[in-house]
Amino acid sequence: DETILVITWKQVIGHCVHTISEVKIAHPSQFRRGLAGGEFGSDKQFVTTQMAKNVNAVVATSGDFYKFRRVGAIAYQGELRRFDGSSVDTCFINEDGDLLFAYRGDLKSEEEARKFVEDNHVRYSLAFGPILVEDGKNVTPPTYPLGEINDVYSRAALCQMDDLHYLFVNSTGEPTKGITNRQTIKKFAQNLVDLGVKKAYALDGGQTTIIAMDGELISYPDYGTQRQISDILYFATALPDGG
């Protein structure tokens with residue numbers, strides 16, 4: 001409709017299937033984080049497609065599985081909910097819908113993180129990583145505590161192209177098409193650079209890696225089945241009858 005444009009496709013890059021969902025929205029409020037159970041800290045878990053249907057998402061991707069780990073500077077609904085800034089890179093999403101990055105160690109204390117959230121009008125944040133692309137350059141680190149970055153796994157990323165213009169990107173195998181390769185995080189990041197991405201942040205990969213459109217599974221899940229997780233990222237219409 002007039003408030004959102006989403007085009008989702010698959011293409012083979014580096015012998016892996018990349019599921020790419022390009023999104024343009026009219027207002028930053030359409031870029032949302034959905035939590036299983038509907039509240040921060042809920043113990044409930046659902047598969048990505050079910051959560052996407054529950055919130056009437058136009059397109060959704062699996063998030064950072066925040067309930068499974070207690071790392072990063074986690075903000076939700078404009079408030080800092082927990083803090084561990086030394087372990088992982090954090091991706092903040094502000095009221096303009098822009099991705100703001102903090103590398104591990106940038107925020108030295110809970111007070112500093114809370115001020116960052118307030119000063120930058122942060123709506124919510126993600127804590128997985130690493131930061132993959134900044135200013136159009138591959139900035140993946142040589143080591144990182146999450147995601148087995150130097151091994152080959154299914155990968156997922158949240159990307160920003162421009163104002164209110166985004167990509168969800170997954171890189172997986174697809175055995176039904178005879179493609180079983182996976183990628184290191186550095187190779188995945190370089191593919192994003194080659195796609196023209198300006199900013200990118202790694203989400204939880206492996207079997208968590210899912211993209212759903214109109215509540216239907218699009219990407220191929222590892223082991224052929226979705227994992228129950230704690231959160232999604234999604235884009236919604238701004239029309240009242242669209243949910």
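**Reading strands, rings and a helix**

Q: In which sense do β1 and β2 pair, and over how many bridges?

A: Strand β1 and strand β2 (residues 16-25) run antiparallel and are joined by ten bridges. Within this pairing, I13 faces C16 of β2. Two strands pair if DSSP finds at least two bridges between them; strands (E, at least two residues) and helices (H or I, at least four) are DSSP runs numbered from the N terminus. The model is predicted, so local features need pLDDT of at least 70 and side-chain atom pairs pLDDT 80 or more, while totals for chains, interfaces and linings use all residues. Residues are numbered from 1 along each chain as its sequence is written, and side-chain values use heavy atoms, without hydrogens or water.

Q: Which strands form the open sheet, and in what order?

A: The sheet has seven strands, ordered β1-β2-β13-β12-β14-β10-β11, with antiparallel pairing. At its edges lie β1 (4-13) and β11 (137-138), each of which pairs on one side only.

Q: What describes a pair of aromatic rings?

A: Such a pair is described by the distance of the centres and the angle of the planes. Rings of Phe, Tyr and Trp (its six-membered ring) pair if their centres lie within 6.5 Å; planes under 30 degrees apart are stacked, over 60 edge-to-face, and the rest tilted. This structure holds ten aromatic pairs. One of them joins F31 and Y166, a tilted pair with 4.8 Å between the centres and 50 degrees between the planes. The pair connects distant parts of the chain, since F31 is in strand β3 (residues 31-35) and Y166 in strand β13 (residues 165-172), 135 residues apart. Ring pairs also link F31, Y124, Y166, F168 and F235 into a cluster.

Q: Are F31 and Y166 buried or exposed?

A: Buried means under 20% relative accessible area, exposed over 50%, and partly exposed in between (1.4 Å probe, protein chains only). F31 is buried because its relative accessibility is 0%, and Y166 is likewise buried at 0%.

Q: Which residues of helix α2 are buried?

A: An α-helix has 3.6 residues a turn, so residues three or four places apart point the same way. In helix α2 (residues 110-119), the buried residues are A113, F116 and V117. They span an arc of only 95 degrees around the axis (taken from the directions from the helix axis to the C-beta atoms), so they lie on the same side of α2. E111 and E118, on the other side of α2, are exposed. Just after α2, H121 has a positive phi of about 50 degrees.
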